Amino acid sequence: MDTLEVPIATAGVQTVGPTHWRSGLLDATAFTMIGFAWATTSPQTPTVRVRTRRAGTWSNWWPLPPAHEAATSGGAAASDHTGTELVWVGLSDGVQFDVRGVLAPQMKLVLLYPKPLPSDATVPAVGPAGTSIPSTLLEGTTNATERLRPTVLSRATWGADESWRDSAPRYNHAFQQVHVHHTASVNDYAVTDVPAIIRGMYRYHTHNLGWSDLAYNFLVDRFGRIWEGRAGGVARRVRGAHTLGFNATSAGVAVIGNFEVGAPDPRIPNAVAAIAAWKLSRWSGDPLGQARVVSEGSDKFAPGRAVDLPVIDGHRDTNDTACPGSHLYAQLPQIRQQTRALMDEAAKTLLAVVDPVAVSGTAEVGGALTAIPGRVDASDATFTYTWMRNGTPIAGATGPTYAVAPADFGMSLSVSVTASAPGRLAITQVAPFGKTVTARPTITLTTRVRRRRIGVKAVLVPPEGLGRVPSGSVRIRVAGLEATKTLVDGVAGSRSRRLQPGMKHVVVTYASDNGYETTSASTAVLIPGS
């Protein structure tokens with residue numbers, strides 16, 4: 001990770017007013033993240049803005065909000081530094097900063113370039129989407145809390161260097177709240193940028209601010225993915241360092257982006273609700289309620305003061321900050337409702353299967369399959385169907401019966417049946433038919449009599465819409481004598497020996513080949529007398 005730390009005293013700062021300073025346009029090596037750190041002895045917190053040069057163009061001025069955390073964070077020795085949040089600004093090579101209020105002691109500019117790792121491009125793009133509940137809610141365990149557990153990408157996934165942590169995790173004795181934050185970063189990061197962004201935050205928190213670990217318990221990106229933040233176990237009450245005065249009974253969820261300047265992607269509130277529902281369900285929290293919390297001391301509430309706060313709140317509810325941005329803060333009521341809906345859904349009793357789903361019929365082009373839904377332990381259950389080809393849903397195939405189509409030839413068919421009942425948790429079963437789809441050709445048979453010999457021509461015609469011509473061979477039997485002939489473009493023929501006058505039987509039998517079923521055709525031919 002490339003790091004550049006520049007003391008403000010050496011950065012050519014010019015005085016603009018009595019409490020206002022600004023640097024010139026500073027060239028820099030490549031960086032993607034920027035922050036400011038200073039000694040905790042500063043009499044006040046400076047107000048810092050930056051603008052950066054990106055692809056030759058200077059950005060607008062961008063605020064760097066202060067990091068609201070106590071000097072003792074996570075159990076380590078007291079840090080002698082504090083600072084702003086570390087903000088992702090995209091790949092840049094120039095910076096200008098503006099400071100108001102005070103030039104804090106030992107104040108320095110921190111530029112970071114957490115270089116991409118090969119593993120960054122392989123991180124799964126998972127995350128709650130739309131307005132649906134996490135898919136894990138419908139699977140496996142009957143335990144409501146475990147049904148709520150969303151996918152959380154681990155510290156190993158984003159590339160945490162565990163040697164940077166300088167103490168063991170601390171654990172809280174109670175859990176009352178989920179605090180929602182934003183990181184104030186610009187919002188146009190790519191899906192593959194996220195692991196590097198988190199690595200940069202981890203480095204800044206541990207090396208520049210002197211904290212024991214990454215501040216937040218969880219992070220959410222704009223793609224709806226949930227990431228493990230501070231070490232100690234995502235299922236445990238790990239004490240974070242995210243909300244000054246209120247870390248003792250809570251978890252902090254930081255959304256990567258700035259939602260003072262832009263609205264969050266719809267996947268973001270879904271992800272926040274998913275993690276809040278899981279954490280609150282473990283300790284019986286009500287996402288629509290309030291909690292009485294005793295402050296450990298913040299810039300808003302004195303130490304020892306009992307404060308009534310929403311169970312899911314925004315950082316601004318506890319500290320003097322705009323975090324998590326007005327747009328995300330305005331969505332907290334929606335997030336609380338989503339969280340409650342998730343918890344209520346998970347608390348329902350899972351339907352139990354009495355008789356499993358089965359499939360009957362013929363898996364042959366032109367045939368039909370019927371789903372037999374079986375039974376569940378609710379007399380008022382209803383069933384919905386999704387037919388699948390090689391595991392992929394077939395558009396429009398949502399009834400109990402499915403007409404096997406030419407597109408299914410050579411494929412495996414199955415049906416997903418979901419049973420639902422009022423007040424119960426739905427259950428889904430998938431029933432495969434058990435064999436690949438075949439087809440049965442039609443034999444067009446023509447005969448011709450000449451000089452008491454019968455000429456036979458057999459043309460094998462595939463079902464309509466199926467372009468694959470049958471291959472293999474046919475057996476042609478005339479008046480008790482049989483010959484095997486190879487099909488050429490679906491056609492085969494033969495000529496019999498001279499026969500006695502009378503009615504003769506002709507039978508053509510196709511032997512199955514290349515997904516086609518055995519079939520036959522017959523006719524009677526009259527050999528006239530001499």
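Two strands pair if DSSP finds at least two bridges between them, strands being DSSP runs of E with at least two residues and helices runs of H or I with at least four, numbered from the N terminus. The model is predicted: local features need pLDDT of at least 70, side-chain atom pairs count only at pLDDT 80 or more, and totals for chains, interfaces and linings use all residues. Residues are numbered from 1 along each chain as its sequence is written, and side-chain values use heavy atoms, without hydrogens or water.

**View A. An open sheet of three strands, in the order S30-S31-S34, with antiparallel pairing.** Strand S30 (442-450) and strand S34 (491-495) are the edges; each has a single partner strand, so one side of each lacks a neighbour in the sheet. On average, neighbouring strands are turned by 15 degrees against each other, direction ignored (axes are lines fitted to C-alpha atoms).

**View B. The antiparallel pair of strand S31 (residues 453-461) and S34.** Five bridges join these strands. Val 459 stands opposite Val 491 in S34.

**View C. The largest nonpolar core, of 53 residues.** Such a core is a set of buried Ala, Val, Leu, Ile, Met, Phe, Trp, Tyr and Cys residues joined through side-chain atoms within 4.5 Å; buried means under 20% relative accessible area (1.4 Å probe, protein chains only). Phe 36, Leu 109 and Leu 219 have the most contacts inside this core. Elements giving two or more residues include strand S9 (87-100) and helix H3 (194-208), while S4 gives the largest share, seven residues.

**View D. The surroundings of Phe 36.** Beyond its neighbours within four places in sequence, Phe 36 is in contact (heavy atoms within 4.5 Å) with residues including Ile 8, Val 48, Phe 97 and Tyr 204.

Note on methods
Buried means under 20% relative accessible area, exposed over 50%, partly exposed in between (1.4 Å probe, protein chains only). Axes are lines fitted to C-alpha atoms, for helices over the stretch in contact, and angles run from 0 to 180 degrees between N-to-C directions.
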